[in-house]
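Take a look at the sequence and the fold below.

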Amino acid sequence: MSAIALVVAAVALYALAYRFYGAFIASKVLITDPHRKTPAYRLENGYDYVPTNRWVLFGHQFAAIAGAGPLVGPVLAAQFGYLPGALWILIGAVLAGAVHDMVILFASVRHNGLSLIEIAKKEIGTFSGILTAIAVIFIIITALAGLALVVVNALFKSPWGTFTVGATIPIAILMGAYMKWFRPGKVMEATIIGVALLIISVVVGPFIQHSSFASALTFSKKQMTVIIATYGFIAAVLPVWILLVPRDYLSTYMKLGVMLLLAIGVIIVSPTLKMPALTQFIHGGGPIVPGKVWPFVFITIACGALSGFHALVSSGTTPKMIENEKDILLIGYGAMLAEGFVAIMALIAATSLIPADYFAINVPPAVFAKLGMHPVDLANLSAMVGENVAGRPGGAVSLAVGMAFIFSKIPWLDSLMSYMYHFIILFEAMFILTTVDAGTRVGRYLLQEAFGGIYAPFKDKNWWPGIIITSALISFTWGYLVYGGDISTIWPLFGTSNQLLASLALAIGTTVIIKLGRAQYAWITFIPFAFVSVTTLYASYLNIVGNFLPKGKILLVVLTIMIMLTAIGIIVDSFIKWYNWLIKKESYQPFAADVEIEKT
């Protein structure tokens with residue numbers, strides 16, 4: 001199959017969905033109000049609540065939600081063939097993921113930027129609020145572990161990659177200072193400076209790799225884990241304008257730019273998808289994902305079609321910065337569709353590789369030896385990118401190789417494959433780290449709210465001891481899981497946890513729509529909620545009995561069971577409330593009745 005067909009299908013479907021389905025939800029279901037003053041203005045503090053340009057905020061939202069999932073998930077799911085992943089990405093992003101993000105963002109904006117936990121408590125009840133708090137804390141830890149593990153596997157023993165990724169931190173700080181102090185409001189000037197410095201950091205990479213600095217930038221997996229966790233802590237503590245927002249904004253240009261260039265490259269090169277539509281592994285027994293295509297393709301592509309982690313961003317940093325409710329369509333629905341396009345391009349890059357080379361990169365050498373396959377271009381690919389790419393599981397390396405290989409087919413670019421490979425590694429790492437820093441910050445918010453019930457000062461978002469303690473706890477816990485885990489255990493845990501959180505968020509979204517007095521439209525969240533709940537609970541059970549228990553991963557078993565029980569509790573509580581309101585006609589407090597309404 002030609003890759004061009006997938007690109008055209010994605011662009012056409014997503015454009016139509018945004019124009020019609022997203023606009024329908026904004027105008028008829030949520031009825032966003034452009035005259036209503038948002039929390040960014042009413043609660044402005046220059047720290048978390050900061051009115052932000054809609055395009056800059058779109059960049060932040062896109063960068064924060066589009067972490068490892070849309071890049072790595074489709075690559076790993078390519079084990080089943082290109083068709084299952086492509087269908088889920090195309091249909092799921094339109095009917096599930098974008099709806100999920102948009103509804104939760106709207107609910108949080110109306111609740112003064114409160115978290116998903118507080119929204120559940122106010123709209124469903126205290127019981128669901130408590131269960132949501134427990135589930136979210138565990139889920140965000142496992143999600144960040146899954147995301148960070150991919151960066152660790154891509155950057156260990158890679159001084160070039162470590163240098164270029166590390167350089168993005170001072171570049172982002174410079175951009176933040178430029179827009180805050182030196183040239184306030186000059187976004188384009190800061191963008192040009194940031195992009196230019198980013199390109200320079202990639203170009204000088206080979207000189208760093210072959211210099212005396214290389215040894216100081218060469219780290220083991222354990223060392224890289226500590227470095228990434230430390231970065232997450234620092235990013236969660238600093239004000240958003242210093243590092244988080246400018247870095248996310250900068251990375252968005254890179255992300256969308258690389259995906260656009262890849263789309264152009266696919267059109268020019270017109271590669272054939274060498275992976276078949278369906279492989280023998282759809283029945284289970286695969287070397288990367290051990291289960292059958294259902295339910296495992298839906299938890300392996302844990303972003304790109306639907307992601308519960310997005311609910312934490314849509315009820316975390318973004319609602320505190322949105323300038324106008326009319327921007328909810330662009331930022332909530334639009335950013336998710338952009339992520340879906342990224343996922344399609346990642347799937348194309350992976351499935352354009354010869355299957356034997358794909359598996360040689362994505363599984364350990366000992367496992368690959370048992371598959372009876374023989375690499376075709378692997379040695380040549382390693383020589384072209386300047387690194388041994390065999391046996392580097394996690395999806396990031398095979399994606400970078402696949403994308404660089406497509407680019408190398410364009411005239412005059414074949415000699416630049418090593419630069420392209422490391423540029424794409426930088427692109428992937430920035431994708432992931434923007435989610436890690438935003439996710440760690442959201443985790444900080446959640447812990448502050450939870451600890452605030454025990455000691456009131458924690459609820460004060462400006463209380464520095466609370467900021468530091470909660471940031472350190474979140475960073476340490478997900479860092480601990482990465483330190484002792486691998487892709488075969490952490491990614492399935494992340495996938496099931498992430499999709500269960502999505503089902504909970506969709507249940508909360510259904511409640512929001514009912515309490516808005518528009519129960520006739522509740523199907524837009526209820527249908528994806530029902531499908532994802534059944535699929536993910538079944539996948540969680542299979543993970544326990546078929547993956548974690550045989551490997552003796554008792555901690556992961558306990559985490560999975562706790563998340564399953566909290567999810568079931570919230571689902572049951574929601575069904576009881578829906579039955580009472582819709583069937584028994586019991587009265588209920590309308591949505592957001594306790595939130596101040598203030599017109600501009």
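Leaving aside neighbours within four places in sequence, which residues is Y14 in contact with? This is a predicted model, and in it Y14 is in contact with I89, L90, A93, V94, L337, G340, F341 and I344. Y14 also stands out in the largest nonpolar core, which has 204 residues. There, Y14, Y333 and W478 touch the most other members.

Now turn to two helices. Helix α5 covers residues 82–110, and helix α15 covers residues 328–351. They pack at an angle of about 160°, with their axes 8 Å apart. Angles over 145 degrees count as roughly antiparallel, so α5 is roughly antiparallel to α15. Their crossing is right-handed. The residues of this contact divide into 21 nonpolar, five polar and one charged.

Is G340 buried or exposed? G340 is buried, because its relative accessible area is 0% and buried means under 20%. Not counting residues up to four places away in sequence, G340 touches Y14, I89 and G304. Another glycine, G495, lies 155 residues from G340 along the chain. The C-alpha atoms of G340 and G495 are separated by 17 Å.

Next, follow α5 to helix α13, residues 293–300. The axes of α5 and α13 come within 10 Å and cross at roughly 55°. The two helices are therefore oblique to each other. The crossing of α5 and α13 is right-handed. Which residues meet here? P84, G85 and W88 in α5 meet V293, V297 and F298 in α13. By class, this contact has five nonpolar, one polar and no charged residues.

One more partner remains to visit. Helix α23 spans residues 523–548. α5 and α23 pack at an angle of about 120°, with their axes 10 Å apart. That makes α5 oblique to α23. Is the crossing of α5 and α23 left-handed or right-handed? α5 passes α23 in a left-handed crossing. On the α5 side, W88, L95, A96, V99 and V103 take part. They meet I524, T525, P528 and F531 in α23. The residues of this contact divide into eight nonpolar, one polar and no charged.

Look again at W88 in α5. W88 is one of the residues that meet α13, and W88 is also among those that meet α23.

Note on methods:
Residues are numbered from 1 along each chain as its sequence is written. This is a predicted model: local features need pLDDT of at least 70, side-chain atom pairs count only at pLDDT 80 or more; totals for chains, interfaces and linings use all residues. Side-chain values use heavy atoms; hydrogens and water are left out. Axes are lines fitted to C-alpha atoms, for helices over the stretch in contact, and angles run from 0 to 180 degrees between N-to-C directions. Helices (H or I, at least four residues) and strands (E, at least two) are DSSP runs, numbered from the N terminus. Angles under 35 degrees count as roughly parallel, over 145 as roughly antiparallel, 65 to 115 as roughly perpendicular and the rest as oblique. A crossing is left-handed if the near helix is turned anticlockwise from the far one by less than a right angle, and right-handed if clockwise. Ala, Val, Leu, Ile, Met, Phe, Trp, Tyr, Cys and Pro count as nonpolar, Asp, Glu, Lys and Arg as charged, and the others, Gly among them, as polar. A nonpolar core is a set of buried Ala, Val, Leu, Ile, Met, Phe, Trp, Tyr and Cys residues joined through side-chain atoms within 4.5 Å. Buried means under 20% relative accessible area, exposed over 50%, partly exposed in between (1.4 Å probe, protein chains only). Contact means heavy atoms within 4.5 Å.
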